[in-house]
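This report covers charged and nonpolar side chains in one structure. Please look over the sequence and the model before reading on.

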Amino acid sequence: MEQRIRLMKEDLNIANLHDLTTILDKISHERIDRNLIEQYIDMLLTIRVSKFNDTELQSQLEHKIDTLNIYRITLQRLNNTFSDIILKKKQEIYSGQTVKDLHQPKYKLSDLEEILGKTRQTLNNWTKSGALKSHDVEGRAKFVLESDLKAKYREIHEKELLIDDEFRNKYEYKI
């Protein structure tokens, strides 16, 4: 493949061939049909070199470009999803939070308004910025672990939050 690319570059002397091969390498690592990509590059090079105005060739090229754009968008979405998952897992690992930590008592953000004495908007801002760790389970309310609630309470009120059975019965979020 590298020989073929070198030969095309020498024979056709196209400045953007490097960009095309870079894209080809990136996409080929994602297991997209290599033949489709090669056909796209071949048609693009044919059009550039011969400067065809053939409408059939143009429509084929446009179809291939549309297909590649669909692949590109799908790969971006997958990459973003996997990046988010990996980032969350890294944060859990670096913060010392393990899966067993999620078994501790949990509290809804709506209840934290009353417990911490802050508005929902403030709580949302804190969760977005990372100043208050929150978790969510699809289809359920966002929640905060008891250890994070205690730490935030201590930070705000400069005293410990006393949590007893009565407190848990009133506020604990059962998933």
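A residue is called buried when its relative accessible area is under 20%, exposed when that area is over 50%, and partly exposed in between. The model discussed here is predicted.

With a relative accessible area of 4%, Lys152 is therefore buried. Lys152 is found in helix 7, which covers residues 146–157. Glu155 lies in helix 7 as well, three residues from Lys152, or about one turn of the helix. The side chains of Lys152 and Glu155 make a polar contact at 3.1 Å, and the two also meet in a salt bridge, with 3.1 Å from N to O. Glu155 is exposed, because its relative accessible area is 55%.

Side chains of opposite charge can pair when their charged atoms come close.

| Salt bridge | N to O distance |
|---|---|
| Arg168 and Glu146 | 2.7 Å |
| Glu155 and Lys152 | 3.1 Å |
| Glu160 and Arg154 | 2.5 Å |

Which parts of the chain does the salt bridge of Arg168 and Glu146 link? In this salt bridge the closest N and O atoms are 2.7 Å apart. The pair links distant parts of the chain, with Arg168 in helix 8 (residues 165–171) and Glu146 in helix 7, 22 residues apart. Glu146 has a relative accessible area of 7%, so Glu146 is buried. Arg168, at 25% relative accessibility, counts as partly exposed.

In one, Lys88, Arg120, Lys128 and Lys142 gather as a patch of positive charge. Lys128 has its place in helix 6, residues 120–129. Is Lys128 buried or exposed? Lys128 is exposed, because its relative accessible area is 71%.

The other patch is nonpolar, has an area of about 380 Å², and is made by Leu78, Phe82, Ile85 and Ile86. Of these residues, Ile85 is placed in helix 4, which runs over residues 55–94. Ile85 has 44% relative accessibility, so Ile85 counts as partly exposed.

Methods: Residues numbered from 1 in each chain as written. Predicted model: local features only at pLDDT ≥ 70, side-chain atom pairs only at ≥ 80, totals over all residues. Heavy atoms only, no water. Patch = residues over 30% accessible without salt bridge, like charges linked within 9 Å, V, L, I, M, F, W, Y side chains within 5 Å. Areas by Shrake-Rupley, 256 points an atom, 1.4 Å probe, with all protein chains shown as cover. Salt bridge = Lys/Arg side-chain N within 4 Å of Asp/Glu carboxyl O. Lys, Arg positive; Asp, Glu negative; His and termini not counted. Charge placed at Lys NZ, Arg CZ, Asp CG, Glu CD. Helix = DSSP H or I, 4+ residues; strand = E, 2+ residues; numbered from the N terminus. Buried < 20%, exposed > 50% of the residue type's maximum accessible area, 1.4 Å probe, protein only. Polar contact = N/O pair within 3.5 Å; in protein donor to acceptor, adjacent residues only side chain to side chain.
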